[in-house]
Amino acid sequence: MSYETAADHVSFQTIRSASTPELLRSARLEEQLSLFGRFSSTKIEEWNRNAGELQDAVMSQAAILCQRQLIEEGFGSPPAAYAFVAYGSAGRNEQTLWSDQDNGLIIGKGDGPEVKAYFYRFGVRLSQLLEQAGYPPCPGNVMTSNPLWRKSTEDWIRQLENWREQLGWEQVRYLMIAADMRHISGDSKLTGELRRTTHEIFEQDSGPEGNLAAAVLRNTIRHKAALNVLGQVITEQTGDHAGDFDVKYGLYLPLVNAVRYLAVEYGISASSTQERLARLIKLEVTPYRWLESCQNAFYTALRFRSMTSYLEEDGTLSGTGYLPQSMLKQKEIRRELREALGTVKLMYRTLQRQQRYAERKWL
């Protein structure tokens, strides 16, 4: 059985040699504090890549520890091949240093009680190990501990096809999550096979009941850029973060979702926003200047995500997701933010026109 990891080319030796959850957490903290210290002196593209490599190394080692613990406890080696995969910002390789868990398991051949029992233990234990390493649980429960995201290849395909047939808001949201899947460790062939199946499902057309691209578009335009009609940045009005700017929901997700929709529309199978934009530019599907503005807005979103205020507890960084008022008062930051939001708002006007056209088409 051939295994590889997404972090094989990375040299985080303290992380790779961590033999306990405590040592893994300590190694992660050491590496991320070092990386955090280089934030202001490193291009955001490079810094984001380094952050992703660090997270991949930690997640890969957590999977190794998980397997090792189960062997030591008498449950033996995995009875079937498996792949540990990431979703969300980890799937797009766009994590911050305080990202939470977004992951799942693909299990190879073997669907008997023994296999299911083993990977139930594996999924729950891996999620626990990641939490011990400093990754909070996913609020949406997209984790290996949830059977919805831990299935055999055959069950995964049936589940994807079921989501594809229903096309309700929740099912489309799940398909959008699945589109961001990326291999972390284990048998990469399983990940590749499921990615190909996911891509094929996205290329199918369900006719007048509502095709998938149109359904993805409906979900996409729910999150709009936080810029009002006067071109003013919309900040939080009440609560602990009154006056602060919500980077994730006000800028980052609207941009990521819009680019994902364009990738679906033009048959692009890449999982990262950066690669999706590169493919869109290469296909020349829209004017280069427009996509270049989207690319610049994306880099701004990445940078601001890691500039948001954060909390530190027992050495663990926990981001709030908000750009504080003190930063918003800085002329250059406010200019960059308005410029990025203006680009995203223009994207959404275009997408809304497409939605109106699609709705008239099926009347």
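Trp-47 is buried in this predicted model, with a relative accessibility of 1%, where buried means under 20% relative accessible area, exposed over 50% and partly exposed in between (1.4 Å probe, protein chains only). Phe-39 is also buried, at 15%. The ring centres of Phe-39 and Trp-47 are 4.9 Å apart and the planes stand at 85°, so this is an edge-to-face pair. Rings of Phe, Tyr and Trp (its six-membered ring) pair if their centres lie within 6.5 Å; planes under 30 degrees apart count as stacked, over 60 as edge-to-face and the rest as tilted. Trp-149 and Trp-156 make a tilted pair, because their planes lie at 50°, with the ring centres 5.9 Å apart. The structure has 13 aromatic pairs.

Residues are numbered from 1 along each chain as its sequence is written. Local features of this predicted model need pLDDT of at least 70, side-chain atom pairs count only at pLDDT 80 or more, totals for chains, interfaces and linings use all residues, and side-chain values use heavy atoms, with hydrogens and water left out.

Two arginines sit over tyrosine rings. Arg-28 lies over the face of Tyr-135, 3.9 Å from the ring centre, and Arg-305 lies over the face of Tyr-252 at 4.1 Å. The criterion is NZ of Lys or CZ of Arg within 6 Å of the ring centre and within 35 degrees of the ring normal.

Next come the helices (H or I, at least four residues; helices and strands, E, at least two, are DSSP runs numbered from the N terminus). The axes of α11 (residues 273–283) and α12 (residues 288–305) come within 10 Å and cross at roughly 170°. Axes are lines fitted to C-alpha atoms, for helices over the stretch in contact, and angles run from 0 to 180 degrees between N-to-C directions. Helices α11 and α12 are therefore roughly antiparallel; angles under 35 degrees count as roughly parallel, over 145 as roughly antiparallel, 65 to 115 as roughly perpendicular and the rest as oblique. Residues in this contact (heavy atoms within 4.5 Å) include Leu-277 and Leu-280 of α11 and Leu-291 and Phe-298 of α12.

The axes of α7 (residues 169–179) and α9 (residues 212–220) also come within 10 Å, crossing at roughly 95°, so α7 and α9 are roughly perpendicular. Among the residues that meet are Trp-169 and Met-176 in α7 and Leu-212 and Val-216 in α9.
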